[in-house]
Amino acid sequence: MHRASALFVGVYEPTKQKLLKLFPENLSAVAHLTAGAIGGIAASLIRVPTEVVKQRMQTGQFTSASNAVHVIASKEGFKGLYAGYGSFLLRDLPFDAIQFCIYEQIRIGYKAAARRDLNDPENAIIGAFAGALTGAITTPLDVIKTRLMVQGSANQYKGIFDCVQTIIREEGPSALLKGIQPRVLWIGIGGSIFFGVLESTKRLLAERRSKPTQQSKHD
């Protein structure tokens, strides 16, 4: 699992468990949304510099990640590695919160209807749906984030709102949905893999924890 994803899950799961105890059952969606946002903030500390370097390399500004980090840090300072941090959070916090909320809520409903624990393929299908739907909803935020991150020291846009106004004025509202089809497809596939692996990993860890307990009972 990617380091940022591992950090996200490491923060999300315990936060979710604590919030579910605080909120009544009918407000579980609020607990999932909040835990998703908190996990996203933690993961952003790794995600943002990685994304900045990746975006700059994709535009041909640098040939290697190490060269990109060195040049960005020397020319723009440490804050250069967190270029577009606000726009990143604008996209990723809603994305994380919405995706995990949709996933968890569908699982709750499905488990109640099936009256059993879900298997890995079922978790993967729910994850794919949650990912694809969230990907579609957050496409405009992704477009804004990308534009702000790749501008570098040129500072073409003054901020998030100026970026939105400029895109709509110069390219039309449809420009905010650029790349929606491949985004929905890839995030759907990613959601299927991520949630399928996540649930199977959680199950294996729970089984490992229960084995010493069972052995101690027999001793």
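**View 1. The run of elements: α-α-α-α-α-α-α-α from the N terminus on.** Along its principal axes, the C-alpha trace spans about 65 × 40 × 30 Å. Residues are numbered from 1 along each chain as its sequence is written. The model is predicted, so to speak with care: local features need pLDDT of at least 70 and side-chain atom pairs count only at pLDDT 80 or more, while totals for chains, interfaces and linings use all residues, and side-chain values use heavy atoms, with hydrogens and water left out.

View 2. Zoom in on residues 27–109 and you get 82% helix and 0% strand, with the end C-alpha atoms 14 Å apart.

**View 3. Domain 1 (10–83) against domain 2 (90–211).** These bounds come from an automatic or database domain assignment. The two centres, taken over C-alpha atoms, sit 13 Å apart. Domain 1 puts 21 residues into the contact and domain 2 puts in 17, contact meaning heavy atoms within 4.5 Å. Together the domains bury about 1,600 Å², 61% of it on carbon and sulfur atoms; buried area here is the accessible area (1.4 Å probe) lost by two parts on being put together, summed over both. On the domain 1 side, His32, Leu33 and Gln55 lose the most area to domain 2, together 26% of what that side buries.

View 4. Five salt bridges run between domain 1 and domain 2, each a side-chain nitrogen of Lys or Arg within 4 Å of a carboxyl oxygen of Asp or Glu. The side chains of Lys145 and Glu51 form a salt bridge at 2.6 Å, N to O. Helix H1 (3–22) and helix H2 (28–58) each supply at least two residues of the domain 1 side that touches domain 2. H2 gives the largest share of that side, 14 residues. By type, the residues on that side split into eight nonpolar, seven polar and six charged (Ala, Val, Leu, Ile, Met, Phe, Trp, Tyr, Cys and Pro are nonpolar; Asp, Glu, Lys and Arg charged; the others, Gly among them, polar).

**View 5. Lys16 and Glu104 in a salt bridge.** Their closest N and O atoms are 3.1 Å apart. Lys16 belongs to helix H1 and Glu104 to helix H4 (residues 85–114), so this pair links distant parts of the chain, 88 residues apart.

Methods. Helix = DSSP H or I, 4+ residues; strand = E, 2+ residues; numbered from the N terminus.
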